Amino acid sequence: MEFHEGANTVCVKNLPVEDSVWFIETLQSDEEKSLRVVDKHFKDIGEWQHNVTVCLRPEDIFQCFVKSCLSPCKGSARRPRHVVLKGQLQEQFNENAFLCEKFHQLGVTFAGSQIDPSSNITRWRECHFCHMRAEQQLMFYCPLCCAVLYCSVECQREDTHGSTCQSHGFWCSKFLTYMKDTSTLSDFPFEFSQETSSADFDATRYRSFLKEKGVLGEGCWLREGLTSSDKVQSHRYGRYLDLENPYVLPVESCVLDEPISVDCQSSIVDWASYYKCRELDLSSPVAILLQWPLTVFFIIQNVLNGTEPGNEVNIDIVGVEKEVELVPVFKELGNLLPESKIDIHMFGRHLHPQVKEKTWSFGSVVVSVHNELYHKNVCAPQAQTPHLVIGGEPCVYKVKFSMEMKCHCKGIPFDCH
């Protein structure tokens with residue numbers, strides 16, 4: 001590829017951005033040196049390396065970078081947010097005026113210079129296979145299910161190959177089924193449904209939404225709307241358990257502390273009837289927290305066909321994280337099923353020591369947290385046989401049964417995501 005600095009520089013400046021850092025380094029062979037550009041995983045970005053047999057110049061480094069942007073060995077043409085020189089290149093050219101100016105013109109942060117704050121406004125998307133973060137233009141949807149994004153055909157091929165439960169080949173048809181129900185999300189009765197189910201409702205807008213509702217960073221909302229810069233995100237789950245004021249919202253805190261009237265209990269089949277029964281305003285975002293206990297309630301009602309008065313329901317929730325900081329909201333299960341004893345055991349790894357083997361009682365609901373792998377517990381002689389095992393994931397529960405099941409009942413199911 002012939003190199004024309006002016007034209008190529010303009011082309012690179014107009015390329016979509018990969019949210020990553022690229023490294024430029026030298027390779028030494030027996031007869032010559034060469035330059036190459038690699039990503040943070042040390043995988044080649046481009047194979048069009050500039051051979052250097054004489055004294056290395058800043059122009060050579062810049063030319064190698066531009067060619068790698070325009071003709072990468074994987075994926076579409078793109079530019080990174082940051083570029084860093086390695087080894088001898090760093091010692092020799094890190095503060096080179098020519099390179100500083102050229103990379104600045106491309107909108108790329110060079111070496112140790114400050115990050116442009118405006119770059120945080122970008123809505124990054126992520127490849128389902130290699131997890132490369134980039135602007136939407138660099139991604140394409142799986143053509144079969146349209147549920148996951150890829151940055152390259154190679155990533156799509158690798159992810160869809162095989163039939164193991166880790167591969168997209170296993171999940172693609174299931175995702176297609178879920179995607180057919182995407183429009184259902186905007187049918188929720190909440191006043192904010194159209195806003196929160198829109199395609200551009202990203203983490204930044206979610207954070208603003210929670211702040212507007214007055215719950216951002218408070219009580220059981222603490223993990224909601226986090227960004228990569230939030231220190232809470234690095235702490236083990238269970239450290240910020242709030243038993244005193246989980247809902248924060250004054251009205252909801254009072255209402256949800258009271259039992260549900262007998263007349264109302266049988267009428268609860270979806271979010272609209274639940275809010276009506278609890279006399280909650282449809283502008284209240286409390287469903288974000290209540291999705292956990294109400295989804296369990298929905299599963300009990302539709303999979304176990306409810307419970308008989310006085311019966312005990314043993315539930316194991318596997319792979320928990322956020323759930324251990326939402327323990328107090330599971331009290332609502334007792335309000336929904338007042339004549340049954342609900343015994344919940346949560347299993348997860350990397351939980352905070354203060355919740356390890358801890359048990360809480362909320363009337364007829366007992367919640368225990370175990371910081372261990374589930375299979376080690378179920379193999380123990382004293383382990384009880386649960387009525388229900390639920391795989392915990394952020395926002396969504398998957399019921400572990402031999403048959404594939406979809407819960408819908410007289411309207412909108414409780415899972416609000």
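Is Tyr237 buried, exposed or partly exposed, and at what relative accessibility? In this predicted model, in which residues are numbered from 1 along each chain as its sequence is written, local features need pLDDT of at least 70, side-chain atom pairs count only at pLDDT 80 or more, and totals for chains, interfaces and linings use all residues. Side-chain values use heavy atoms, with hydrogens and water left out. Tyr237 has a relative accessibility of 22% and counts as partly exposed, where buried means under 20% relative accessible area, exposed means over 50%, and partly exposed lies in between (1.4 Å probe, protein chains only).

The protein as a whole has 417 residues, of which 45% count as buried, and its secondary structure comes to 14 helices and 15 strands; helices (H or I, at least four residues) and strands (E, at least two) are DSSP runs, numbered from the N terminus. Of the contacts with a separation of 6 or more, 62% are between residues 24 or more positions apart, a contact being heavy atoms within 4.5 Å.

Tyr237 belongs to the loop between H8 and H9, and, leaving aside residues up to four places away in sequence, it touches Arg223, Glu321, Lys322, Val324, Glu325, His350, Leu351, His352 and Val355. The C-alpha atoms of Tyr237 and Glu323 are 8.4 Å apart, although 86 residues separate the two along the chain. Arg223 is placed in the loop between helix H8 (203–213) and helix H9 (250–255) and, with a relative accessible area of 7%, is buried. The side chains of Arg223 and Glu325 are joined by a polar contact of 2.9 Å, a term for a pair of N or O atoms within 3.5 Å of which, within protein, one must be able to donate a hydrogen and the other to accept it, residues adjacent in sequence counting only if both atoms are side-chain atoms. A polar atom of the Arg223 side chain also lies 2.9 Å from the backbone oxygen of Val232.

Gln136, in the loop between strand S7 (133–134) and strand S8 (140–141), is partly exposed at a relative accessible area of 31%. Its side chain forms a polar contact of 2.7 Å with that of Arg125, and the residues that Gln136 touches, not counting those up to four places away in sequence, are Arg125, Tyr141 and Leu149.

In helix H4 (residues 97–106), the buried residues are Leu99, Lys102, Phe103 and Leu106. These residues cover an arc of only 95 degrees around the axis, which puts them on the same side of H4; the arc is that of the directions from the helix axis to the C-beta atoms. The exposed residues Ala97 and His104 are carried by the face of H4 turned away from its buried side. At the start of H4, a side-chain oxygen of Asn96 comes to within 3.0 Å of the backbone nitrogen of Phe98, while Gly107, with a positive phi near 75 degrees, follows the helix.

The axes of helix H11 (residues 271–278) and helix H12 (residues 287–303) come within 13 Å and cross at roughly 105 degrees, the axes being lines fitted to C-alpha atoms over the stretch in contact, with angles running from 0 to 180 degrees between N-to-C directions. H11 and H12 are therefore roughly perpendicular to each other, a description that applies to angles of 65 to 115 degrees. Their contact involves Trp271, Tyr274 and Tyr275 of H11 together with Ala287, Leu290, Gln291 and Leu294 of H12.

Conventions
Angles under 35 degrees count as roughly parallel, over 145 as roughly antiparallel, 65 to 115 as roughly perpendicular and the rest as oblique.
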